[in-house]
Amino acid sequence: MKILILQLARFGDIYMTWALTRALKRVYPDSEIHCLVRKRFSDALVGLDAVDKIIELPSQLWAESIVNEAQDDNSEFSNSVVHVDNFISTLKSENYAKIINASFSPLSSYLTHAITENKDEVFGYTRFDDGTFHCKDSISLYFYSQVGEERSNRYHVTDLLAAMVDVDLVGEDYSPPSQEFGTTHTCHPQKTILLHVGASQRKKALAGFQWGRIVKSFLQQCPEFEIALVGSPQEKYIAEEILAHNPNSEIKSYVGITRVPQLFDLLKNSHSLMACDSMAIHMADLTKTPCFNLSFKTVNFWETGPLAAGSVVYQADIPETINSLDIATKWAQFVHGENVQGVFHTQKKMPRFYGATTVAQDFQWQLLQALYLNEPFPITDDALFCECIEKIHQLNDIFIDNLKKIQKKPFPHGTLLLNQAENNMMSMGRYHPAISLLLRWYRGRKIMVAPAKQNEIINEYLKIHLEFRSLLKVYLWSESEELTLKKE
Amino acid sequence: MSKETENYLSLALRKLEMAYEKIVQSKGYSEESEKIKILAEFAKEQVENENTHSAAR
């Protein structure tokens, strides 16, 4: 049996797919696992024995071809289409028994649909036959609706990926490659702390002078430790600034001179890792190296934070407003094995972190669990939330009336009117994050409706709106007052 | 990615989207239009400097 995993995202995302890949090999030991990645990030599969074949997206060929053909005003991109066709045919010829799209991107959804022959064994984003977006399973629908920055999801991406394919992850799925990658740099497990100077995106990274201050203060508190800087060649300037701030300190820089897989060797022989949101965190999950993760509001650490036992997440608002002394002090407490206050700690059970959260955040998380896991609906005294519910309930009822009218007698511009009503309802999301969450659940339900004749779609939509109405009633003041009066 | 390459890709993206619309309008969504769409989405991601959607988008 052949299994294809599409992972067209970046280094960190590929490392987060390692545990899933190993779990699949464990569950299907006779399977042949192929992994489709971008060439630029294929180094992230080096050392993953569970993968039998690495397939690279022919990015350069496609890019050159479309750029050349775009010069012709009347181009129909016939050569580029041939390249895509060849690639699709090659993948189809493998006759994959399972196709797992772990990428969650539009490109991967179209590609998944194009190579799919057996529609029952597809996981993740794909397309209906009319090209509209299709989530093949409930987990990828949850991913689409509720996962990402500034959302309330608290499930880790690795757990979601495993749930999507319905496999359980075990401890051995998180392990580093068995081989060494031949780095000559030395680290000491009791002494060396790796510091990844960059991050997956600029908005998630600190400037060199900020790292410089943090490192200076940290080394004053922890002179027994040494720092080893790691990062890509493009991040060399950050390392130089850190070194300039700490001229007499014990800091080594391996930035720009270490290949990605060699980081495993360094992590395995280090005391711990200090990093913002980056691939190093996910590599540390595999080497089981404790991590002090400096995170920001632009990252949902619940989804991508460090999983190695003993790791912590320090959450600041934005990189520009960090308190370097506070970070250094907490980092020092962390390396000394003290109980660090005001951070989130890693735990084995889900959600993978615990720490102080606000009432509003907890309400949203409980609401998610109620919507998707049939947990009880949480109680709230939030007046704005309840007011929004009233409005949405009214709009939803108008929707139901119109759907019933169209059901009886289709009228011109019916779809247009429904679209307008839909937009009005969705716009309520901007008033309250919990309302936005609720509306994303509703929109997700509609996305699951397959292309069909208009009356069949109307029937399906009607069911969704009726279900939505019963759900909204939980938070309707008028309903709860009525219930109270009845009880009295 | 250089500004020049980005401009070339942006031009390609615009033309791919036009080609896609043209095919869909005349023949509906088909294997042919899907391939153009794949190229358009590919170009979009390349324009964003291979800044593809991360796992957590």
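Predicted model: local features only at pLDDT ≥ 70, side-chain atom pairs only at ≥ 80, totals over all residues.
The buried residues are Met279(A), Ala280(A), Ile281(A), His282(A), Met283(A), Ala284(A), Asp285(A), Leu286(A) and Thr287(A). Just beyond the end of H11(A), the backbone at Lys288(A) adopts a positive phi of about 60°.

Chain A as a whole is assigned three domains, with domain 1 covering 2–173, domain 2 covering 192–354 and domain 3 covering 383–487. Between domain 1 and domain 3 of chain A, the C-alpha centres are 33 Å apart. Eleven residues of domain 1 and nine residues of domain 3 take part in the contact between these two domains of chain A. On the domain 1 side, strand S7 (133–135) and helix H6 (138–146) of chain A each contribute at least two residues, and H6(A) gives the most, with four residues. By residue type, the domain 1 side that touches domain 3 comprises five nonpolar, four polar and two charged residues.

Turning to the meeting of the two chains, 36 residues of chain A are in contact with 26 residues of chain B. Several helices of chain A each supply at least two residues to the side that touches chain B, namely H1 (11–16), H3 (59–70), H4 (78–92), H5 (106–115) and H12 (301–304). The largest share, six residues, belongs to H5(A). The chain A side that touches chain B is made up of 19 nonpolar, nine polar and eight charged residues.

In soluble globular proteins, nonpolar side chains tend to be buried together. Here, the largest nonpolar core holds 128 residues, and Leu229(A), Leu16(B) and Leu39(B) touch the most other members. Helix H1 of chain B, residues 3–27, provides the largest share of this core, seven residues. From chain A, at least three residues of the core come from each of domain 1 (2–173) and domain 2 (192–354).

Leu39(B) deserves a look of its own. Leaving aside residues up to four places away in sequence, Leu39(B) touches Trp62(A), Ile66(A), Phe77(A), Ser80(A) and Val84(A) in chain A, along with Leu16(B) in chain B.

Definitions and conventions
Residues numbered from 1 in each chain as written. Chains lettered and ligands numbered in written order. Buried ≥ 20, exposed ≤ 12 C-beta atoms within 10 Å, placed from the backbone. Contact = placed C-beta atoms within 7 Å. Nonpolar A, V, L, I, M, F, W, Y, C, P; charged D, E, K, R; others polar. Core = buried A, V, L, I, M, F, W, Y, C linked by C-beta atoms within 7 Å. Domains from an automatic or database assignment.
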